[in-house]
Amino acid sequence: LSCLAAAGAGDTCLVARRDTTCIDTGRSVAELSAADLAHLACLLCRSQAGSLQLLRYDLASIYADPWMAPDTAWTAYGGILRELRSTVWDWRDGAVASLPWYKFLNPGEGPESGFARLAKTARNSTFVEGTEKLDGMFAQLRMMPDERVVLSTSHVLFGAPRSEAVEPLATVARIVLFGEDGYLKIARAHPEATLLLELVDPDVRRLVIDYPPERRGLWLVGARDVATGRLWRHAELVEAAAGTTVRVPPLVCTSLSDAVRLACAGERFEGSVLSLGGALVKVKSIGYLTALNAREGGFAGAARAWAGGYLDDMVASLSQEDSARAVATGARLSAFVESCEQALAFLRAEAPSGERSELGSWTAAHQVPDFLVPWLSCDPQTPALLAMIGPGSAELVDEGELSRREELLASWLSGLRAVRPSRRLPPRH
């Protein structure tokens, strides 16, 4: 993890990616070259809070990468990307500070989750149990032995710059840190484990399942030992939550056939998370998949999933054609936001820092794209994702407006390169 962070600094990864002879995705983690590390670092997004750093694979970057393919990403470099799913580490000592779920697959999504392989694994497992999979937003919580609290959503650490403005994380923080449910009590009693949470709240994430009010809120859906990676069984979660008002999803099946039957019959039911002796697979209901395909098959659905950090979960549930379109949309949005980030960094270095009227005159004289202007006066830590929305709006731009902004930005950058070829400018996408 320390090497990954160093490899992600500056332009190291961009330089390494130009030399294809240095990169071999078939190497194990212990054998990675400097170029492999730099390449791997380019496939991650990060969130920093003090000495803690969250690392998560970026699906759009993976699918756009010339050395990756959708069917090899989860096995490349010994499968390390599957573990870098919001893993938190402490750069002071290089230790893992929080260990969330690894990336587990749907039946038939990869070699290990083929139906014949799953049936064999189930037969040879010491136990098979499935809990209800909730349609919500992931969060993780750990109280470390030194009583530091690690709290995050899939992409943002609590305590990172402007994290208090990320409404889903703020909602989880209010419940965990100031509520009386007992999440901190459980975390304090089990410093060896990361608590895996799910927030079911249509006000912070648009849901497919219309849950009744009594089923909304925060749930304890799993726990994982940081040192070993062992996932807790359902009975352990229930025991840990005893004496608190923390809710644990019900145990819904004890066999693979039960999970399939539920998937065919469930209403207001996303599916089940099935543990085959500790190996996980998710079995989603036909009703959920039908509703998801109907709602999220177009640009708007893919854009929401990309912005919300659940694009990987969504594409696994779409048809092959819709999945390809969604991934292409995610890659397009990532490229656009990357260009916006670099353009904003350049503009902040060049633009005057005086009166607003002076800034307005400068941006007009330099023909700065209109959608970038409002963010020039923002905190530099403000996510460039804001370039994807209109001031005062919470909705992402539509595809037509995105095309306009892409063309405007490309034209402006092209003109800037022509008159200032020696300046450090965003790469061409």
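# Briefing: fold, burial and an enclosed cavity

Welcome to this protein chain, whose secondary structure comes to 17 helices and twelve strands. Please keep in mind that the model is a predicted one. Of the 429 residues in the chain, 51% are buried.

**The chain as a whole**

- Take the contacts between residues at least 6 apart in sequence: 65% of them join residues at least 24 apart.
- The chain has an accessible surface of about 19800 Å², and carbon and sulfur atoms account for 54% of that surface.

**Helix α10, residues 256-265**

- Four residues of this helix are buried, namely Leu 256, Ala 259, Leu 262 and Ala 263.
- Looking down the axis of α10, you will find these buried residues within an arc of 125°, so they line one face of the helix.
- Ser 257, Cys 264 and Ala 265 sit on the other side of α10, and these residues are exposed.

**Trp 89 in strand β3**

- Strand β3 covers residues 85-90, and Trp 89 is found in this strand.
- Trp 89 counts as buried because its relative accessibility is 4%, where the cut-off for buried is under 20%.
- Leu 54 is 35 residues away from Trp 89 in sequence, yet the C-alpha atoms of these two residues are 6.6 Å apart in space.

**Cavities**

- Rolling a probe the size of a water molecule over the atoms shows where empty space is left.
- The count comes to three cavities of 30 Å³ or more.
- The largest cavity has a volume of about 720 Å³.

**What lines the largest cavity**

- The lining of the largest cavity is made up of 41 residues; nearest the centre of the cavity lie Trp 101, Phe 104, Lys 133, Glu 198 and Val 273.
- By residue class, the lining divides into 17 nonpolar, 15 charged and nine polar residues.
- Strand β5 (128-133) gives the largest share of this lining, with four residues.
- The strands that each supply at least two lining residues are β5 (128-133), β6 (137-143), β9 (217-225), β11 (271-276) and β12 (279-284).
- Helices α9 (234-241), α11 (286-296) and α13 (311-315) likewise each supply at least two residues of the lining.

Key:
Residues are numbered from 1 along each chain as its sequence is written. This is a predicted model: local features need pLDDT of at least 70, side-chain atom pairs count only at pLDDT 80 or more; totals for chains, interfaces and linings use all residues. Side-chain values use heavy atoms; hydrogens and water are left out. Buried means under 20% relative accessible area, exposed over 50%, partly exposed in between (1.4 Å probe, protein chains only). The arc is that of the directions from the helix axis to the C-beta atoms. Contact means heavy atoms within 4.5 Å. Accessible areas come from the Shrake-Rupley method with a 1.4 Å probe; for residues, only the protein chains shown count as cover. On a 1 Å grid over the protein atoms alone, a cavity is a set of points where a 1.4 Å probe fits but cannot get out, and a pocket is an open set with protein on both sides within 12 Å along at least five of seven lines; lining residues have an atom within 4 Å of a point. Grid points are joined across faces, edges and corners, and a volume is the space filled by probe spheres set on the points. Ala, Val, Leu, Ile, Met, Phe, Trp, Tyr, Cys and Pro count as nonpolar, Asp, Glu, Lys and Arg as charged, and the others, Gly among them, as polar.
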